[in-house]
Amino acid sequence: TDFGFREVPVEDKVKRVADVFHSVAGKYDLMNDLMSGGVHRLWKKLTIEQSGARRGNTILDIAGGTGDLTMRFSRIVGADGKVVLADINDSMLKVGRDRLMDKGVAGNVEFVQANAECLPFPDNTFDIITIAFGLRNVTDKDAALRSMARVLKPGGKVMVLEFSKTDNIALTKLYDFYSFNILPKMGQMIAGDAESYQYLAESIRMHPDQETLKGMMQNAGLVNCKYQNMTGGIVALHTGIKP
Ligand code: SAM
């Protein structure tokens, strides 16, 4: 099927991603629940369970947005640990900060505006790095993975939770129909913004599949790279370890 994908110049992509997240920030959590039927909570829960996070850990949640993962990690690492929620977009960061403050979990959380491609942290800083539904929005994904590997401690783990490729034709058809017909309409009705949700659907289709992303993580210097499909491959959780 031709969905009319087009190669967009790099600066256009950066601006488009910025516009999308400035536009959706206020309704982001509501839309996440509606569009995934709440299932994104399960995908995130599984990510936390597989992270092996412990008390006292230092964790980076890059492209952390409104802080779903950060909030859960914050409770696990406790007062002697730290979670850094980093995001390139100040609207998303603001919604995330306000939300975490409201929930009273911001004591061990730091908020940093940063681009995943060039993380502003020293080498070997973090025990765990997560990027959930963020990597597909990053222009130079290889640079981002290298940057994550650099700031990870040896033995530490990178976790990429992202939309991926379904492994079943019927599911793929259903999912395509949902993404390109229903999703933009929901975006229009609820957030008054069909275009942003059209972009999100397109960016999902353009994202590298499971094996390609695994190879990219290996190229970034990570070892023991593997992935686990969730919901028939609609989402995959990739992990890699810094040697
Ligand atoms: N991780 C959150 C979650 O799972 O709910 C938010 C995911 S949201 C779909 C994607 C986030 O990636 C947005 O907050 C956006 O601002 C951020 N983002 C996009 N490009 C980025 C980049 N180059 N560096 C850091 N964050 C980026």
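**Exercise 1. Determine what share of the contacts in the protein chain with a separation of 6 or more comes from residues 24 or more positions apart, and describe the overall build of the chain.**

Solution. In this predicted model, residues 24 or more positions apart supply 70% of the contacts in the protein chain that have a separation of 6 or more. Next, take the secondary structure: the chain contains 9 helices and 7 strands. The radius of gyration is 17 Å, close to the 18 Å given by the globule rule for 243 residues, so the chain is as compact as a globular protein of that length. The C-alpha trace spans about 50 × 40 × 35 Å along its principal axes. Finally, 41% of the 243 residues count as buried.

**Exercise 2. Describe the shell around the ligand by class.**

Solution. Start with the count: 20 residues surround the ligand. The closest are Ala63, Gly65, Asn89, Ala116 and Ala132. Sorted by class, the shell holds 10 nonpolar, 7 polar and 3 charged residues.

**Exercise 3. Decide whether Asp87 and Ala116 are buried or exposed, and list the contacts of each.**

Solution. First, the record: UniProt, in an unreviewed entry, places the feature "binding site" at Thr66, Asp87, Asn115 and Ala116.

Second, Asp87. This residue lies in strand 2 (residues 82-87). A residue is buried if 20 or more other C-beta atoms lie within 10 Å of its own. Asp87 has 26 such atoms within 10 Å, so Asp87 is buried. Not counting residues up to four places away in sequence, Asp87 touches Ala63, Gly64, Gly65, Met92, Leu93, Gly96 and Gln113.

Third, Ala116. This residue sits in the loop between strand 3 (109-113) and strand 4 (126-132). With 25 other C-beta atoms within 10 Å, Ala116 is buried by the criterion of 20 or more. Leaving aside neighbours within four places in sequence, the contacts of Ala116 are Ile62, Ala63, Ile131, Gly134, Val138, Ala144 and Ser147.

**Exercise 4. Explain why strand 7 is described as largely enclosed, and identify how strand 5 and strand 6 are joined to strand 7.**

Solution. Begin with burial: 6 of the 7 residues of strand 7 (residues 235-241) are buried, so strand 7 is largely enclosed by the rest of the structure. Then consider strand 5 (residues 152-163), which runs antiparallel to strand 7 and is joined to strand 7 by 7 bridges. Leu161 has Leu237 as its bridge partner in strand 7. Strand 6 (residues 223-230) also runs antiparallel to strand 7, with 6 bridges joining the two. Here Lys226 is bridged to Thr239 of strand 7. Last, strand 6 and strand 7 form a hairpin with 4 residues between them. In the turn, Thr231 has a positive phi of about 50 degrees.

Technical notes: Residues numbered from 1 in each chain as written. Predicted model: local features only at pLDDT ≥ 70, side-chain atom pairs only at ≥ 80, totals over all residues. Near = placed C-beta within 6 Å. Nonpolar A, V, L, I, M, F, W, Y, C, P; charged D, E, K, R; others polar. Rg over C-alpha atoms; globule rule 2.2 N^0.38 Å. Buried ≥ 20, exposed ≤ 12 C-beta atoms within 10 Å, placed from the backbone. Contact = placed C-beta atoms within 7 Å. UniProt positions renumbered as here; feature names shortened; annotations may be inferred. Pairing = 2+ DSSP bridges.
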